[in-house]
Structure formats: structure tokens, C-alpha cells
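Student: I'm new to this one. Could you show me how to read it, one feature at a time?

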Amino acid sequence: MFRRAFYSLILLQGLVLSVYFGAWSIKDYIALEQAVALKRPHEELRHRINVGFEGVWFLLSQYLVLYSAEALWRSGRRL
């Protein structure tokens with residue numbers, strides 16, 4: 001019972017973080033394209049760094065989703 005609740009919370013957290021970092025990634029990618037088009041190297045570098053690290057956090061939050069979904073699936077099969 002406690003494990004299923006814990007894994008459900010991890011699943012919810014992973015989904016929320018995925019949406020959050022995904023939205024910021026898209027926003028920064030659009031800003032990156034604009035900075036490249038306007039040839040502003042400092043803004044371009046800032047947005048490249050942001051897009052890169054937001055991508056990493058997005059993938060880590062997807063790992064939380066996969067881990068918790070798999071754990072919930074396994075705990076459901078044992079019942």
C-alpha cells in the first residue's frame with residue numbers, strides 16, 4: 001500500500017517536471033533561434049546552455065516516470 005502510494009507520487013512528480021522542463025525547453029529554443037537569426041552571440045550562448053540543461057532535466061524526469069510506472073506495473077502483477 002505504502003509503496004504504491006510512493007510510486008504514484010514519484011510518477012506524478014515526474015510528469016509535472018516533464019511538462020515544466022519541456023515547456024521551458026521549447027521557450028528557450030525559440031529564443032535561441034531568434035538570437036541566431038539576429039546574430040547575437042551572447043544571447044545565443046545563454047540560450048544554448050539553457051536548452052542543453054533543460055533537455056537533461058527533461059530526460060531525468062522522464063526516467064522518474066518510467067521507473068515509477070514500471071514499479072507500479074510490477075507491484076500490480078504481484079497482487
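Student: What share of the 79 residues in the protein chain is buried?
Tutor: A residue is called buried under 20% relative accessible area, exposed over 50% and partly exposed in between, using a 1.4 Å probe and protein chains only. Here, buried residues make up 24% of the 79. Keep in mind that this is a predicted model, where local features need pLDDT of at least 70 and side-chain atom pairs count only at pLDDT 80 or more, while totals for chains, interfaces and linings use all residues. Residues are numbered from 1 along each chain as its sequence is written, and side-chain values use heavy atoms, with hydrogens and water left out.

Student: How many helices and strands does the protein chain have?
Tutor: Helices (H or I, at least four residues) and strands (E, at least two) are DSSP runs, numbered from the N terminus. This chain has two helices and zero strands. Its radius of gyration is 18 Å, well over the 12 Å that the globule rule gives for 79 residues, so the chain is more spread out than a compact globule. That radius is taken over C-alpha atoms, and the rule is 2.2 Å times the number of residues to the power 0.38. Along the principal axes, the C-alpha atoms fill a box of roughly 60 × 15 × 15 Å.

Student: Are Y7 and Y67 buried or partly exposed?
Tutor: Y7 is buried, at 16% relative accessibility, and Y67 is partly exposed, at 38%. Another edge-to-face pair is Y20 and F21, 5.2 Å centre to centre with 75 degrees between the planes. There, Y20 is partly exposed at 45%, while F21 is buried at 17%.

Student: Which residues form the aromatic cluster?
Tutor: F2, F6, Y7, Y63 and Y67 form one cluster.

Conventions:
Phe/Tyr/Trp six-rings, centres within 6.5 Å; stacked < 30°, edge-to-face > 60°.
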